[in-house]
Amino acid sequence: MFGVYFHIPFCRKACSYCNFHFSTNLNGTGKMAEAISKEIGLTNLPEKGMKTLYFGGGTPSLLQKEELGLIFSSLRSKTEFSELEEVTLECNPEDINVHSIEYWKNLGITRLSIGLQSLNESELRAMNRAHNDAQSFECLDLLGQFGYFNISVDLIYGTPWKSNSQWEEELDFIIGHKAISHISAYALTVESKTQLNHQINKGEIPPIDDDRTVSQFNILQEKIHQNNWEAYEISNYCKPNHRAKHNSQYWKFRPYFGFGPAAHSFDGKTTRYLNIANNTLYIQSIQKEELPREYEELSLTDSLNERIMTGLRTCEGIRTVDLENFKPGWEKRNIRALNRYIKSGDLVQLNHGYQLTHSGKLISDRIISDLMEID
Ligand code: SF4
């Protein structure tokens, strides 16, 4: 059982907060699709067992039909599609129209993850998004009419431009929309080397207000709870039975194969590899039939720490037995920190392990780092 991920490293505009790997020079999409297809050919993929397929980026929805088709056919020639349970395409509102919807459906896409980020026009402009609010509403209406796909939307909260009441209105609209069954909601973070960081340093934009972020996180939890949605991961929320299968595989440490520049892969055991995060070098290397990958062998401590990091973010929490398998004595060594967070109400002990509470989610980074170990 494995997943496949494609990183499509192109975007129409650079969003001010984004530090992902992408280029805004769209002339290279054809060459990139060819290189990715070739990378598939050069990779030792199992012939069966592919459960999920995910096109991320960047903005995969801006690929031309034939480019997306080429990647699909290359993958089909290497592995069976018969066990596929979910095929996700990340897309931006400006790419969604009757033609793309039909094409994606015929190609076998089952789920769209739409980068809405906000429903407010001035906030979209402040973040330098390529779409406007009208396009967001139109594409959701259109997708509702067709009803072909499971729809997830990405939202950002805790920005300097979003008031609590705007956030409430956005959530009411999104949760109430018949076409939408999943939300990925992220608190705005300021990454170095982004336009946002530059603007804050120059005083053009106020720094992130942590209190506002906490208020908006609380509003999100409340709305999710009131509407009987599931908060199954710190940033991921869904109607019952609509969890993202591909991302859930990551959190269960199942194997996945990543293709394209900056894509990660994992063998499900101890080996990860990362493709070079440079479009030109990636293409040149693949043209020479050399895979531009950097390998990393995980130590037992790395594997333990990864399980703490991902497990505590999910509603299942961490399983003590899993952690003890990697590093016997983990619970005993960390009992003081565990008890401290249980006493402060940030962690609860379950039969099988530990889980963050609502207040614990607000300080999850601190708790996770306190429970991780070093070699
Ligand atoms: S569209 Fe997505 S990947 Fe591209 S710059 Fe914006 S946030 Fe980043």
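Biologist: Why is Lys223 called buried?
Modeller: Its relative accessibility is 11%, and buried means under 20% relative accessible area, exposed over 50% and partly exposed in between (1.4 Å probe, protein chains only). Because 11% falls under the cut-off, Lys223 counts as buried. Please keep in mind that this is a predicted model: local features need pLDDT of at least 70, side-chain atom pairs count only at pLDDT 80 or more, and totals for chains, interfaces and linings use all residues. Residues are numbered from 1 along each chain as its sequence is written, and side-chain values use heavy atoms, with hydrogens and water left out.

Biologist: What makes the pair Asp172 and Lys223 a salt bridge?
Modeller: The term asks for a side-chain nitrogen of Lys or Arg within 4 Å of a carboxyl oxygen of Asp or Glu. The closest N and O atoms of Asp172 and Lys223 are 3.0 Å apart, so the pair meets the definition. Asp172 lies in helix H6 and Lys223 in helix H8 (residues 210-226), so the contact ties together parts that are 51 residues apart in sequence. Helices here are DSSP runs (H or I, at least four residues), strands are runs of E with at least two, and both are numbered from the N terminus.

Biologist: How many salt bridges does the structure hold, and what makes Arg12 part of one?
Modeller: There are 20 salt bridges. Arg12 pairs with Asp95, their closest N and O atoms being 2.8 Å apart, so that distance also passes the test. Arg12 sits in the loop between strand S1 (2-8) and helix H1 (29-42), while Asp95 sits in the loop between strand S3 (86-91) and helix H3 (98-107), so the pair ties together parts that are 83 residues apart in sequence. Arg12 is partly exposed at 36% relative accessibility, whereas Asp95 is buried at 8%. Arg12, Glu94 and Asp95 are linked in a network of salt bridges.

Biologist: Why are Asp267, Glu294, Glu296 and Glu297 called a patch of negative charge?
Modeller: Asp and Glu count as negative, Lys and Arg as positive, and His and the chain ends are not counted. Patches are made of residues with over 30% relative accessible area and no salt bridge; like charges are joined within 9 Å, nonpolar side chains (Val, Leu, Ile, Met, Phe, Trp, Tyr) within 5 Å. Asp267, Glu294, Glu296 and Glu297 gather in such a patch on the surface. Glu296, for one, has a relative accessible area of 41%, so it clears the area cut-off. Glu296 lies in strand S12 (residues 293-297).

Biologist: How do you know that S13 and S15 pair?
Modeller: Two strands pair if DSSP finds at least two bridges between them. Strand S13 (residues 318-319) and strand S15 (residues 353-356) have 2 bridges, in the antiparallel sense, so they qualify. Strand S14 (residues 347-349) and S15 have 3, also antiparallel. In S15, Tyr354 is the bridge partner of Ile318 and of Gln349. A hairpin joins S14 to S15 through 3 residues.

Biologist: What makes S13 and S14 edge strands?
Modeller: The 3 strands form an open antiparallel sheet in the order S13-S15-S14. S13 and S14 each pair on one side only.

Biologist: Why is Glu289 called exposed, while Asn128 is called partly exposed?
Modeller: Glu289 has 52% relative accessibility, so it counts as exposed; Asn128 has 29%, so it counts as partly exposed. Glu289 lies in the loop between helix H10 (279-287) and S12, and Asn128 in the loop between H4 and helix H5 (133-146). Glu289 has a positive phi, near 60 degrees, in a residue other than glycine; the phi of Asn128 is likewise near 60 degrees.

Methods. Accessible areas come from the Shrake-Rupley method with a 1.4 Å probe; for residues, only the protein chains shown count as cover. The place of a charge is taken as NZ of Lys, CZ of Arg, CG of Asp or CD of Glu.
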